[in-house]
Amino acid sequence: AAGDNVVWGGVEEKWPADYKMVYNLKLTNADENWDSFEVDNNGRVGDDVAEEWVEKNGARWKPWLDASM
């Protein structure tokens with residue numbers, strides 16, 4: 001499973017909700033390219049870019065959390 005590639009093997013048993021959220025997380029190439037461009041070309045701080053993405057994309061990430069509960 002995709003989530004298995006980004007988390008420690010024991011996460012699913014120890015923190016099942018966290019595992020489900022990471023498993024459900026789906027970022028597109030466009031998401032990642034935008035983030036990288038903002039940091040690398042526009043000199044923005046990664047935390048600020050991430051916060052902006054979260055504010056603009058609630059309709060995408062809220063279901064990830066809902067599905068993990």
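# Burial, salt bridges and charge in a predicted model

User: Why is Arg44 called partly exposed?

Analyst: Arg44 has a relative accessible area of 27%. Buried means under 20% relative accessible area, exposed over 50%, and partly exposed in between (1.4 Å probe, protein chains only). The 27% of Arg44 lies in between, and therefore Arg44 is partly exposed. This is a predicted model, in which local features need pLDDT of at least 70 and side-chain atom pairs count only at pLDDT 80 or more, while totals for chains, interfaces and linings use all residues. Residues are numbered from 1 along each chain as its sequence is written, and side-chain values use heavy atoms, with hydrogens and water left out.

User: What makes the pair Arg44 and Glu52 a salt bridge?

Analyst: The closest N and O atoms of Arg44 and Glu52 are 2.7 Å apart. A salt bridge requires a side-chain nitrogen of Lys or Arg within 4 Å of a carboxyl oxygen of Asp or Glu, so this pair qualifies. Glu52 also meets Lys56 in a salt bridge, again at 2.7 Å from N to O. Lys56 and Glu52 both lie in helix α4, 4 residues apart, about one turn of the helix. A network of salt bridges links Glu38, Arg44, Glu52 and Lys56.

User: How do you know that Lys56 is exposed?

Analyst: Its relative accessibility is 61%. That value is over the limit for exposed residues, so Lys56 counts as exposed.

User: Which parts of the chain does the salt bridge between Arg60 and Asp31 link?

Analyst: The side chains of Arg60 and Asp31 meet at 2.7 Å, N to O. The pair links distant parts of the chain, with Arg60 in helix α5 and Asp31 in helix α3 (residues 29-40), 29 residues apart. Helices are DSSP runs (H or I, at least four residues), numbered from the N terminus. Arg60 is partly exposed at 28%, whereas Asp31 is buried at 12%. In total, the structure holds 4 salt bridges.

User: Why is Ser68 called buried, and what lies 2.7 Å from its side chain?

Analyst: Ser68, in helix α5 (residues 58-68), has a relative accessible area of 4%. This is under the limit for buried residues, so Ser68 is called buried. The backbone oxygen of Leu65 lies 2.7 Å from a polar atom of the side chain of Ser68.

User: How do you know that Glu55 is exposed?

Analyst: Glu55, in helix α4 (residues 46-56), has a relative accessible area of 60%, which is over the limit, and therefore Glu55 is exposed.

Methods
Helix = DSSP H or I, 4+ residues; strand = E, 2+ residues; numbered from the N terminus. Polar contact = N/O pair within 3.5 Å; in protein donor to acceptor, adjacent residues only side chain to side chain.
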